[in-house]
Amino acid sequence: KNAELVNNVKTGKEGVVRSMSTKIINDERNEYECKSYPYNEFGLLGNLFLCQGHPGKVIHVTAKKRTGSLNFINCLNKGLGENFADPIAVGGTFLLTNGKAKLHVMPGFSCAPLNTEDDINHWLRFFEMSGPLTHTSVFVSKDPGLDLRLEHSHCFSEHGDGGHYHFDTTPDTVCYEGYFNLAETIFRVDPPKDTHMIGRD
């Protein structure tokens with residue numbers, strides 16, 4: 001079954017999995033469930049930031065009251081793209097500490113082809129969910145020719161909400177706090193033979 005995964009895995013001899021997954025549990029009633037995901041594998045699609053987990057310098061970002069149409073990650077990525085000629089890849093975590101957000105949760109696989117943005121948006125299940133929401137996020141300022149999804153953020157919460165982040169819905173009261181780091185290398189694993197730009201927001 002499809003789900004929105006928030007991956008947090010420590011590898012090695014003392015490896016642990018502290019991941020969360022949100023999935024549709026009742027299609028007719030449009031009900032979802034966010035719970036622990038104890039496995040160390042997944043399928044389909046993932047944007048991952050890998051690090052050694054050592055203490056060190058990070059980029060700490062706080063923001064309140066959205067004034068434009070871009071979401072939190074759009075704004076950070078736009079700033080990188082406007083100020084650096086080379087692609088900059090960033091990963092980390094951010095909290096929506098106050099306010100609400102528009103999220104989606106994938107239902108079961110579609111029986112019909114999804115050929116347009118409208119097809120995808122009619123298939124996905126969209127929800128307004130309340131903070132605090134804890135996100136993991138990966139974003140790249142520009143594609144270095146690897147056919148990347150440039151931004152991807154998923155979240156979970158202690159109160160049962162979670163999914164794929166689109167934007168906050170409470171611009172006057174929203175608060176964000178993020179901790180990020182820079183990637184040294186960008187890898188693309190198993191690129192598709194045929195590609196498209198549908199459903200990349």
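Which side chain meets D147 in a salt bridge? I found R200, at 2.9 Å from N to O. The pair links distant parts of the chain, 53 residues apart, with D147 in the loop between strand 10 (133-140) and strand 11, and R200 in the segment after strand 13 (175-182). I took a salt bridge as a side-chain nitrogen of Lys or Arg within 4 Å of a carboxyl oxygen of Asp or Glu.

This is a predicted model, in which local features need pLDDT of at least 70 and side-chain atom pairs pLDDT 80 or more, while totals for chains, interfaces and linings use all residues. Residues are numbered from 1 along each chain as its sequence is written, and side-chain values use heavy atoms, with hydrogens and water left out.

I counted six salt bridges in the structure. Another one joins E82 and K78 at 3.3 Å, N to O; both residues lie in helix 1, four residues apart, about one turn of the helix. Helices (H or I, at least four residues) and strands (E, at least two) are DSSP runs, numbered from the N terminus.

I then checked accessibility. E82 is exposed at 56% relative accessible area, whereas K78 is partly exposed at 45%. D147 is also partly exposed, at 22%. Buried means under 20%, exposed over 50%, partly exposed in between (1.4 Å probe, protein chains only).

Last, I looked at N71, in the loop between strand 6 (59-64) and helix 1. N71 is buried, at 8%. Its contacts (heavy atoms within 4.5 Å) include E151 and Y165, not counting residues up to four places away in sequence.
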